Structure formats: C-alpha cells, structure tokens
Amino acid sequence: MKMYLISDNRDTYTGMRLAGVEGVVVHEREELKEALENVYKDSEIGIVLLTEKFGRDFPELVNEAKMGHRLPLLVEIPDRHGTGRKESFITDYVNEAIGLKL
C-alpha cells in the first residue's frame, strides 16, 4: 500500500516528496474534490495525508471522504506553520467522547 499527500502548500509537498511520498498541491474546493476522486480510483493507495487547512476550510468534504470510504485512511497532518489545533484538543476530544471532564 502506498501513501499519498494532498497538500495546500509546496513546502509540505516538497518535504514529503523527499521522503518518497507522492502527492499533489491543491488550493480550491473543486481541486480537492477532484484529487480525492483520483485517490479513490487507485486501489494501491492505503493512506492519504491531508494538510489540516483542508479540514478547516472544507470540513464537509473532508468528513464525507472520511465517513464515506473504508479505504484509503485519511489522516490530517500539520503543515509548515504547525498544528492549527489548540493545545488542549486531545483532552477536549476525550471529554466530549466520554462525557466526563478530566
């Protein structure tokens, strides 16, 4: 199985290419939708890395891709600016999931 990157910037793309991961740089909603459709056509791709910006800018598209397909696995990664999540995002996620405050 291969990994594939869908990035919103050239820096992340270049770094992942140096690590041997193929990918594409897109900026618009339609470009992202087309890139995801191309990924679904390639049965060798098992993991798709998406920069976090797509989750913020196009959450409905990313959530649909995560929930609507068993494979490939979609993983959001921080880009060159670091994570866009607040420091307590894991604790908040656990609190919301189990209904207890930690």
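Colleague: In which loop is Pro72 found?

Modeller: Pro72 is found in the loop between α4 (59-68) and β4 (73-77); helices (H or I, at least four residues) and strands (E, at least two) are DSSP runs, numbered from the N terminus. This is a predicted model, in which local features need pLDDT of at least 70 and side-chain atom pairs count only at pLDDT 80 or more, while totals for chains, interfaces and linings use all residues. Residues are numbered from 1 along each chain as its sequence is written, and side-chain values use heavy atoms, with hydrogens and water left out.

Colleague: Is Pro72 buried or exposed?

Modeller: Pro72 is buried, with a relative accessible area of 5%. Buried means under 20% relative accessible area, exposed over 50%, and partly exposed in between (1.4 Å probe, protein chains only).

Colleague: Which residues is Pro72 in contact with, leaving aside its neighbours within four places in sequence?

Modeller: They are Val39, Tyr40, Ile45, Gly46, Ile47 and Val48, where contact means heavy atoms within 4.5 Å.

Colleague: Turning to α4, which of its residues are buried?

Modeller: Leu61, Val62 and Ala65 are the buried residues of α4. Seen down the helix axis, they fall within an arc of 95°, so they line one face of α4; the arc is that of the directions from the helix axis to the C-beta atoms.

Colleague: What covers them?

Modeller: The cover includes α2 (29-41), β3 (45-51), α3 (52-57) and β4. On the face of α4 turned away from the buried side, the exposed residues are Glu64, Met67 and Gly68.

Colleague: What polar contact joins the side chains of Asp8 and Thr51?

Modeller: One of 2.6 Å. Another, of 3.2 Å, joins the side chains of Asp8 and Asn9. A polar contact is a pair of N or O atoms within 3.5 Å; within protein, one must be able to donate a hydrogen and the other to accept it, and residues adjacent in sequence count only if both atoms are side-chain atoms.

Colleague: And how many helices and strands does the chain have?

Modeller: Five helices and four strands, in the pattern β-α-β-α-β-α-α-β-α along the sequence.
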